[in-house]
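Look at the structure below with its charged side chains in mind.

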Amino acid sequence: MEPKHYPNWRDIVVYSEHPQPQIIEENPKYKSVILGLEAGAKIPPHAEGPAIFHFLEGTGRVMVAEKTYSIQSGSTVIVPDGAARGIEAETRLAILAVRVL
């Protein structure tokens, strides 16, 4: 794999009411995306493999299993394998997400 450099995530993110993840890396071990949500947008709870979400911009809530976390720019949430997770944007959100495959 060749190194990749993204000077500014703002050049990649697409803000939407419905997630439009922009893939920045995908291989047999993991998938990494940058996605944007408009204020009020939601990703309903759903179960998947382990994941890491780092919030680049905005405020909102992340639901993991039975817990809800308030998030803001700079927050990181690590989700265990099989746990249901959902996101609600209070303001416009930008997220760097890595899902282990």
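Serine 32 is found in strand 3, where strands (E, at least two residues) and helices (H or I, at least four) are DSSP runs numbered from the N terminus. This is a predicted model, in which local features need pLDDT of at least 70 and side-chain atom pairs count only at pLDDT 80 or more, while totals for chains, interfaces and linings use all residues. Residues are numbered from 1 along each chain as its sequence is written, and side-chain values use heavy atoms, with hydrogens and water left out.

With a relative accessibility of 7%, serine 32 counts as buried; buried means under 20% relative accessible area, exposed over 50%, and partly exposed in between, with a 1.4 Å probe and protein chains only. Leaving aside residues up to four places away in sequence, serine 32 touches Gln22, Ile23, Ile24, Glu25, Leu96, Ala97 and Val98, a contact being heavy atoms within 4.5 Å.

Next come the charged groups. Side chains of opposite charge can pair when their charged atoms come close. A salt bridge here is a side-chain nitrogen of Lys or Arg within 4 Å of a carboxyl oxygen of Asp or Glu, and the count comes to 6 salt bridges.

One of them joins glutamate 38 to arginine 92, with the closest N and O atoms 3.1 Å apart. Glutamate 38 lies in the loop between strand 3 (30-37) and strand 4 (42-47), and arginine 92 in the loop between strand 9 (84-89) and strand 10 (93-100), so the pair ties together parts that are 54 residues apart in sequence. Glutamate 38 is partly exposed at 24%, and arginine 92 is partly exposed at 40%. The charged end of arginine 92 also sits over the ring of tyrosine 15, 3.8 Å from its centre; the rule asks for NZ of Lys or CZ of Arg within 6 Å of the ring centre and within 35 degrees of the ring normal.

A salt bridge also links the side chains of glutamate 48 and arginine 99, at 3.2 Å from N to O. Glutamate 48 is in the loop between strand 4 and strand 5 (51-57) and arginine 99 in strand 10, so this pair connects parts 51 residues apart in sequence. Glutamate 48 is partly exposed at 30%, as is arginine 99 at 28%.

Arginine 61 pairs with glutamate 88, their closest N and O atoms being 2.7 Å apart. Arginine 61 is in strand 6 (residues 59-64) and glutamate 88 in strand 9, 27 residues apart. Salt bridges that share partners join Arg61, Glu88 and Glu90 into one network.
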